[in-house]
Amino acid sequence: MEEVVAVRPGAVRSVVGAGLLVLGAAGAAQARGSGPEADVAYHGQVVLSHGHLRVWMVPENDGPAALPDATVRLRLSAELADRQELADGCVRAGRREVVCETGPLPMHGDGRHIGLVLELRDRVPEVVLRVDTGWNGGAADRNLSNNEHVVLALDTGDAYAF
């Protein structure tokens with residue numbers, strides 16, 4: 001079992017989820033990498049309200065090398081509606097998955113801010129959002145703990161931070 005901590009400004013909520021994010025072969029290769037070393041991280045918030053999941057995040061790179069680009073993968077426990085209006089640089093990658101480019105990630109700097117409003121196929125009481133790196137240009141990232149997140153968002157309109 002993995003504990004998912006959700007934080008709303010001004011309040012703290014702790015929710016236990018049953019999801020366990022497993023690093024597959026692609027993720028293991030990414031951690032080793034054959035290129036420069038970079039520490040990619042994602043920080044943001046998720047809000048679920050009336051069948052819409054709002055995601056706002058900032059990709060970061062703690063170095064030691066800059067990256068020309070990377071992709072962040074968002075996987076949902078609920079299906080997306082057929083029609084989506086996605087932000088520039090984002091594409092739908094499946095019934096429950098969206099992938100977005102981060103733009104350049106300077107050493108010790110931020111990438112472009114990513115904001116999405118995802119419409120769900122059905123209104124659900126909660127959504128589990130998994131955030132991780134889809135591609136980072138072959139860089140070695142020895143600290144995967146800050147770029148793999150599991151967030152449980154309840155349909156309350158509250159913001160849950162990661």
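The legends below describe close-up views of strands in a predicted model.

**View 1. Strand E3 and its burial.** Strand E3 covers residues 40-49; strands here are DSSP runs of E with at least two residues, and they are numbered from the N terminus.

View 2. E3 pairs with strand E4 (residues 52-61) in the antiparallel sense over 10 bridges; two strands count as paired if DSSP finds at least two bridges between them. Leu48 lies opposite Leu53 in E4. The hairpin has 2 residues between its strands, and His50 in the turn has a positive phi of about 50 degrees.

**View 3. E3 against E12.** Strand E12 (residues 159-161) pairs with E3 over 3 bridges, again in the antiparallel sense. Tyr160 in E12 is the bridge partner of Val46.

**View 4. The open sheet E6-E7-E5-E10-E11.** This sheet has 5 strands in the order given, with antiparallel pairing. At its edges are strand E6 (90-94) and strand E11 (149-154), each of which pairs on one side only. Between strand E10 (residues 126-135) and E11 there are 6 bridges, and the two run antiparallel. Leu129 has Val151 in E11 as its bridge partner.

**Notes to all views.** Residues are numbered from 1 along each chain as its sequence is written, and side-chain values use heavy atoms, with hydrogens and water left out. In this predicted model, local features need pLDDT of at least 70 and side-chain atom pairs count only at pLDDT 80 or more, whereas totals for chains, interfaces and linings use all residues.

Terms used: Buried means under 20% relative accessible area, exposed over 50%, partly exposed in between (1.4 Å probe, protein chains only). Helices (H or I, at least four residues) and strands (E, at least two) are DSSP runs, numbered from the N terminus.
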